[in-house]
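User: I would like to work through how to read strands, sheets and disulfides in a model. Please take one feature at a time, with the general idea before the case.

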Amino acid sequence: MSNYGVDRSENLGLGTSGSVYNWIIKDSRFVGKILKPYNDRTNEISIEWKDTPPGDYLLEVNEKNDYCTGLSQILLIKILPLPFVNLPDQYLCVDPVTNQLLNPILIDTKLSNELYKFKWKCDGVTLPDIDSGIIVSKIGTYTVEITDQLTGCVTNDSSVVGKSSSAIASVKVNSIFFDIQDIIISVTNGIGNYEFSIDGINFQDAPSFSVSKSGIYQVVIRDKNGCNQIFLTANVIKYPKFFTPNEDGFNDIWKIDDLLPSMNPKISIFDRYGKLLKKINTIGEGWDGKYNGIDLFSDDYWFLIEYTNTDGSPAVFRSHFSLKR
């Protein structure tokens, strides 16, 4: 009786009379075994029900002796369903710095208090709780014994309660201004099991993303154990490789979008001979391809941008772009 309750003994026997008995359950639902555990007791059997489903089963007993073989008895055996419960393992969320508990959790069998009786334990110690669910605020292994008050069938289940936390993390962008840039996330504190996303939809275990599109990305760090997720921002900045200042309203200005005031950016634009053509010190300002009000010809032009990294250190980036007419 591994999965179901039985309303009679599993060890069955008939009085000894010199006869031998065969025991048969003629039902395709029966997936267990009929055993004769005692060699000196030929009329006693034991039934292993295994995963036989609940229902009524007929145990047919055939008597065999020196004179004849015939049906001796049919016994009705009722397999009663055990209370069904499937408790998941859970986690208590704690503060990632102080390790203090944030909120207790509920372990709930989702069964009726009127139909079942409950006995709870934590790490083997009996708890006073007798309801279908309990509120817990410490880690441990919680077990419950559930008794069906109608059938008397008993089942047990357990839930292991651990602890987890949200993350404390930082983010940086490597290879700024390049075509492919890496968003790198560093978790500096926390005991959770984390996954990461830059779109809030697709999550991965690796704390890095390679991106080719400029803009501000919202980085999400989510605890797989259900504690709070946190949000960070990563600024991916690229520069245009060309512009076409023909006053058609499209791509007439060369400028670097997504620069932040905190970067204190200063841009200098030069011709191929190193002559300074334009200095840009204002966020959002660009170059219209003119020098002293005169349109410059199609060519490659160079720029230098001086800026401040997120860690406060100074940085410089140099590259070039094309002016096309």
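User: How many bridges join β18 to strand β20, and do they run parallel or antiparallel?

Analyst: This is a predicted model. In general, the strands of a sheet pair through backbone hydrogen bonds, and the pairing is either parallel or antiparallel. Here β18 and strand β20 (residues 215-223) run antiparallel and are joined by four bridges.

User: What is the order of the open sheet of five strands?

Analyst: That sheet reads β22-β28-β27-β23-β24, and its pairing is mixed. Its edge strands are β22 (242-243) and β24 (276-280), and because each has a single partner strand, one side of each is left without a neighbour in the sheet. Inside the order, β27 (residues 299-308) and β28 (residues 314-323) pair in the antiparallel sense over 10 bridges. Trp-302 has His-320 as its bridge partner in β28.

User: Where does Leu-276 lie, and what is it in contact with beyond its neighbours within four places in sequence?

Analyst: Leu-276 lies in strand β24. Setting aside neighbours within four places in sequence, Leu-276 is in contact with Ser-268, Ile-269, Phe-270 and Tyr-291. Its relative accessibility is 38%, so Leu-276 counts as partly exposed; that class lies between the buried limit of under 20% and the exposed limit of over 50%.

User: Which residues make up the covered face of strand β19, and which the uncovered one?

Analyst: The general idea is that side chains in a regular strand alternate between the two faces of the sheet. In strand β19 (residues 208-211), Phe-209 and Val-211 form the covered face, whereas Ser-208 and Ser-210 form the uncovered one. The pairing of β19 with strand β17 (residues 181-189) is antiparallel, over four bridges. Within it, Asp-182 has Ser-210 of β19 as its bridge partner.

User: How many disulfides does the structure hold, and which cysteines form a disulfide?

Analyst: A disulfide is a covalent bond between the sulfur atoms of two cysteines. The structure holds one, formed by Cys-93 and Cys-227 with their sulfur atoms 2.0 Å apart. The link of Cys-93 and Cys-227 is left-handed, with -105° about the S-S bond. Cys-93 lies in strand β8 (residues 90-94) and Cys-227 in the loop between β20 and β21, so the pair ties together parts 134 residues apart in sequence.

User: Are Cys-93 and Cys-227 buried or exposed, and what of Cys-122?

Analyst: Both Cys-93 and Cys-227 are buried. Cys-122 is in no disulfide; its nearest cysteine sulfur is that of Cys-93, 18 Å away. Cys-122 has 5% relative accessibility and therefore counts as buried. Cys-153, at 6% relative accessibility, also counts as buried.

Conventions. Residues are numbered from 1 along each chain as its sequence is written. This is a predicted model: local features need pLDDT of at least 70, side-chain atom pairs count only at pLDDT 80 or more; totals for chains, interfaces and linings use all residues. Side-chain values use heavy atoms; hydrogens and water are left out. Two strands pair if DSSP finds at least two bridges between them. Helices (H or I, at least four residues) and strands (E, at least two) are DSSP runs, numbered from the N terminus. Buried means under 20% relative accessible area, exposed over 50%, partly exposed in between (1.4 Å probe, protein chains only). Contact means heavy atoms within 4.5 Å. A disulfide is a pair of cysteine sulfur atoms within 2.5 Å.
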